Amino acid sequence: MSANYDPHSVERQAQQLWQAAKCFEAGESADAEKYYCLAMFPYPSGRLHMGHVRCYTLGDVINRYQRQKGYNVMQPMGWDAFGLPAENAAIKNDIPPAAWTRDNIAYMKGQMQRLGFGFDWSREFATCDPEYYRWEQWFFVKLYEKGMVYRKSAMVNWDPVDQTVLANEQVVDGRGWRSGAPVERREMPQWFLKITDYAEELLDELDELDGWPESVKSMQRNWIGRSEGVEIDFPVPVEVPDADEVLTVYTTRPDTLLGATYVAVAAEHPLAQRASANDAGVADFVASCRNNRTAEAEMATLEKAGIDTGLTVVHPLTGDSLPVWVANFVLMDYGSGAVMSVPGHDQRDWEFARKYGIPIRQVIEPVDAEEHCDLEQEAYTSYGRLVNSGEYDGQTSAEAFDAIAAALEARNLGRRQTNYRLRDWGVSRQRYWGCPIPMIHCGTCGVVPVPEADLPVELPTEVTFHGVQSPLNTMESFYKVSCPECGGEARRETDTFDTFMESSWYFARFACPDASRPMVDERANYWTPVDHYVGGIEHAILHLLYSRFYYKLMRDHGLVSADEPFKRLLMLGMVLKDGRKMSKSAGDAGDPQHLLDKYGADAVRTAMMFAAPPDQSFEWSEAGVEGQARFCRRFWSLVHEHMAAGAVPNLEPAALSDAGRALRRKTHETLRRADDDYGRRLQFNTVVSAVHELVNAVSRLQVDGDPRGAGDKAVADRAAVHEALKTATQVLSPIAPHICQSLWGLLGEPQLLVGARWPAVDESALVQDSLELVVQVNGKVRGRVELPADVSEDAAREAALGNENVERFVAGKPVRKFIMVPGKLINIVVGG
């Protein structure tokens with residue numbers, strides 16, 4: 001082995017060893033506890049970026065560490081291959097999306113292999129493989145038969161450039177997240193999964209997910225949004241033709257019902273549509289709402305606007321007439337598309353009422369004398385005591401909640417209800433590059449599922465685009481079919497699935513990628529749930545929520561047995577450049593290829609792990625790679641020099657010099673710290689720094705103690721150096737596996753390092769004969785003293801007061817208190 005470090009040669013040789021030994025091909029085993037480590041699979045966009053490098057290095061570090069801890073580890077990899085970018089690239093470059101995607105997969109796989117990620121490539125698949133999405137179609141049909149799938153017309157966010165429906169989260173500042181085009185509101189037939197049927201379970205089981213960050217659980221709780229309230233019916237006067245008998249709203253504040261001075265409805269609400277037919281002004285306003293923002297965070301900052309419809313409803317308790325307004329802040333997608341408006345006690349309603357001169361009535365007053373209510377300045381939104389509410393005056397908000405709910409129930413105009421913000425999952429998209437929805441539309445039979453024998457419905461891959469419209473809409477060979485029930489002419493569904501469908505169950509398929517019937521087999525119960533899931537914080541809500549839901553659907557169909565798919569989450573911060581997230585669209589995604597060519601994979605991996613704790617965002621700098629490359633060269637040289645010095649004796653702790661014993665203590669402190677950092681804290685940057693410190697300690701002993709010399713102590717100390725270098729090699733190996741594999745062999749270990757067992761800490765090596773204690777005077781450091789480890793407090797006091805520098809700050813002053821923290825510090829409190 002060359003004494004000169006050549007990272008490319010070292011990395012090539014290590015990867016050849018792993019490949020020949022099939023180190024990362026996992027199988028079910030009764031001899032070791034399983035550990036399923038998974039990093040979120042990537043979209044094959046063409047090149048890896050530094051965010052990918054961070055994510056997959058972190059996953060690989062966990063994979064390699066858990067292998068050394070004795071687990072049977074599986075770390076698979078595949079491709080989230082469907083989606084809009086491939087389709088847009090196909091339109092731009094006149095290349096079929098399938099070909100573009102397959103080329104990208106080949107290139108990105110090569111980059112991953114170059115980085116030395118320990119993936120089980122035998123389990124690889126892409127979600128655009130018919131063998132994969134066949135089972136997604138099969139399960140969709142099963143869910144349709146169980147009543148968990150339905151189709152209805154719904155208001156959607158329509159991107160006129162990308163020609164597809166967008167989720168609320170894909171609308172940014174009123175524009176499509178990819179195209180940048182102003183988003184329109186359209187009513188279109190859509191396919192939905194009934195995720196709301198699982199809302200309570202999805203919420204309640206968050207409490208059982210001890211391995212999830214609390215911040216992620218909080219985001220999911222807020223998204224599901226359980227609330228306890230009352231559904232209230234406002235009767236609609238009979239003179240309103242074709243109107244429903246009542247206008248139903250939901251509120252969590254029935255205690256404010258007597259303060260309602262108007263109701264507001266969405267532009268798509270039937271009352272708004274009725275008013276539009278008779279009033280051009282209302283019609284114009286309703287039309288203007290089509291481009292409204294729909295994400296809740298954006299709705300909160302939207303300038304409030306509305307128009308009086310001229311219609312009224314009847315207050316359910318007072319019988320008063322309340323005007324009906326169309327307001328741009330009310331969404332048809334949420335609740336009934338109508339809200340009762342209490343401007344005295346809701347800030348949004350207050351702003352709207354002030355703008356349009358609608359009465360504002362106070363019905364809640366503060367209970368706390370220090371609070372005050374000034375409706376000239378703002379709404380009073382806290383709970384309190386009822387006023388101006390007739391028989392309910394004097395009741396607290398909690399008491400009035402029950403009393404008013406009971407009164408509404410007695411009149412058959414209200415009912416208590418638990419509501420959720422969560423809405424059913426719209427899974428259809430009007431684009432080509434996705435999994436075909438396995439349904440057929442027949443003029444006689446209606447909607448008919450594709451028979452199981454005809455699955456998969458394969459997506460044609462040789463297609464020609466005419467603009468951005470899906471070619472499926474014009475391909476008779478695709479959409480013209482016979483009805484499976486009556487045999488008559490029918491039309492195949494040309495919408496495709498939202499790509500969240502593919503990513504909501506891929507982790508289960510990795511457990512049994514060759515399962516032929518059904519979508520997963522008994523191996524899924526061996527491997528799932530995933531023990532450690534790694535990915536970006538941007539996926540903390542929808543991807544994780546949909547995956548949890550889909551897994552529960554699979555459980556209830558008898559396909560898996562666990563309740564939740566992911567035991568532990570590692571959510572990553574972002575890799576930043578000039579303060580913003582690195583991205584391909586911004587042109588600064590940071591393709592790592594030039595770094596791999598210049599410095600090698602280990603330097604890139606180590607720099608990425610050293611840059612910041614995993615959950616923190618950080619500013620990327622290539623200077624860090626150069627620093628870790630220097631460390632690799634130094635580490636390489638140090639091991640070579642050590643082995644070139646001759647045979648290494650057996651370790652005899654009693655024969656070591658003081659410096660040798662100090663190095664052994666440092667070695668086992670490093671080992672204990674790394675075990676905790678890898679396993680519990682997930683702070684891999686401190687592992688790198690600990691190895692740096694240990695290597696520095698070896699270097700100092702080489703220079704100061706010269707263990708290569710001929711004396712007895714020097715000879716014995718070579719064993720401590722050898723132990724330190726082996727420990728440094730093994731501790732660093734999950735992060736920099738190639739160089740560590742080579743050095744492991746040089747240090748005399750014949751087996752592959754990836755399969756070596758994590759060493760045990762020698763507690764006896766941690767015992768110190770003496771300790772250095774910091775001495776403070778009145779809380780400020782004034783000296784240090786070297787004392788026996790078992791020193792008494794009296795002896796420590798004598799030594800501390802005898803320290804020359806401490807004496808200067810104590811002289812002539814009475815010692816009022818002597819505080820000793822064993823093993824750490826002494827604080828002397830003196831007074832004038």
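The structure is a predicted model. Helix H24 (residues 737-746) packs with helix H20 (residues 623-644), its axis also comes within 8 Å of that of helix H1 (residues 7-21), and H24 gives two or more residues to the lining of the second largest cavity.

**Helix H24 with helix H20**

- Two packed helices are described by the angle between their axes and the distance between the axes.
- For H20 and H24 the angle is about 5°, and the axes lie 10 Å apart; because angles under 35 degrees count as roughly parallel, H20 is roughly parallel to H24.
- On the H20 side the contact involves Cys632, Phe635, Trp636, Val639, His640 and Met643, which meet Ile739, Ser742, Leu743 and Leu746 of H24.
- By residue class, this contact of H20 with H24 consists of 8 nonpolar and 2 polar residues, with no charged ones.

**Helix H24 with helix H1**

- The axes of H1 and H24 come within 8 Å and cross at roughly 80°, and the two helices are therefore roughly perpendicular to each other.
- H1 contributes Val10, Glu11, Ala14, Gln15, Leu17 and Trp18 to this contact, while H24 contributes Pro737, His738, Ile739, Gln741 and Ser742.
- The residues of the contact of H1 with H24 divide into 6 nonpolar, 4 polar and 1 charged.

**The second largest cavity**

- Rolling a probe the size of a water molecule over the atoms shows where empty space is left.
- The structure holds 2 cavities of 30 Å³ or more, and the second largest cavity contains about 60 Å³ of space.
- Its lining is formed by Trp18, Arg64, Gln68, Ser733, Pro734, Pro737, Gln741, Leu753 and Val754, and the elements that give two or more residues to this lining are helix H2 (50-68) and H24.
- Sorted by class, the lining of the second largest cavity has 5 nonpolar, 3 polar and 1 charged residues.

**A sheet of four strands**

- Strands of a sheet pair through backbone hydrogen bonds, either parallel or antiparallel.
- Here an open sheet of 4 strands runs in the order E20-E19-E22-E21, and the pairing is antiparallel.
- Strand E20 (446-449) and strand E21 (480-482) stand at the edges with a single partner strand each, so one side of each is left without a neighbour in the sheet.
- From one strand to the next, the twist averages 40°.
- Strand E19 (residues 439-442) pairs with E20 in the antiparallel sense over 4 bridges, and cysteine 442 stands opposite glycine 446 in E20.

Conventions
Residues are numbered from 1 along each chain as its sequence is written. This is a predicted model: local features need pLDDT of at least 70, side-chain atom pairs count only at pLDDT 80 or more; totals for chains, interfaces and linings use all residues. Side-chain values use heavy atoms; hydrogens and water are left out. Axes are lines fitted to C-alpha atoms, for helices over the stretch in contact, and angles run from 0 to 180 degrees between N-to-C directions. Angles under 35 degrees count as roughly parallel, over 145 as roughly antiparallel, 65 to 115 as roughly perpendicular and the rest as oblique. Contact means heavy atoms within 4.5 Å. Ala, Val, Leu, Ile, Met, Phe, Trp, Tyr, Cys and Pro count as nonpolar, Asp, Glu, Lys and Arg as charged, and the others, Gly among them, as polar. On a 1 Å grid over the protein atoms alone, a cavity is a set of points where a 1.4 Å probe fits but cannot get out, and a pocket is an open set with protein on both sides within 12 Å along at least five of seven lines; lining residues have an atom within 4 Å of a point. Grid points are joined across faces, edges and corners, and a volume is the space filled by probe spheres set on the points. Two strands pair if DSSP finds at least two bridges between them.
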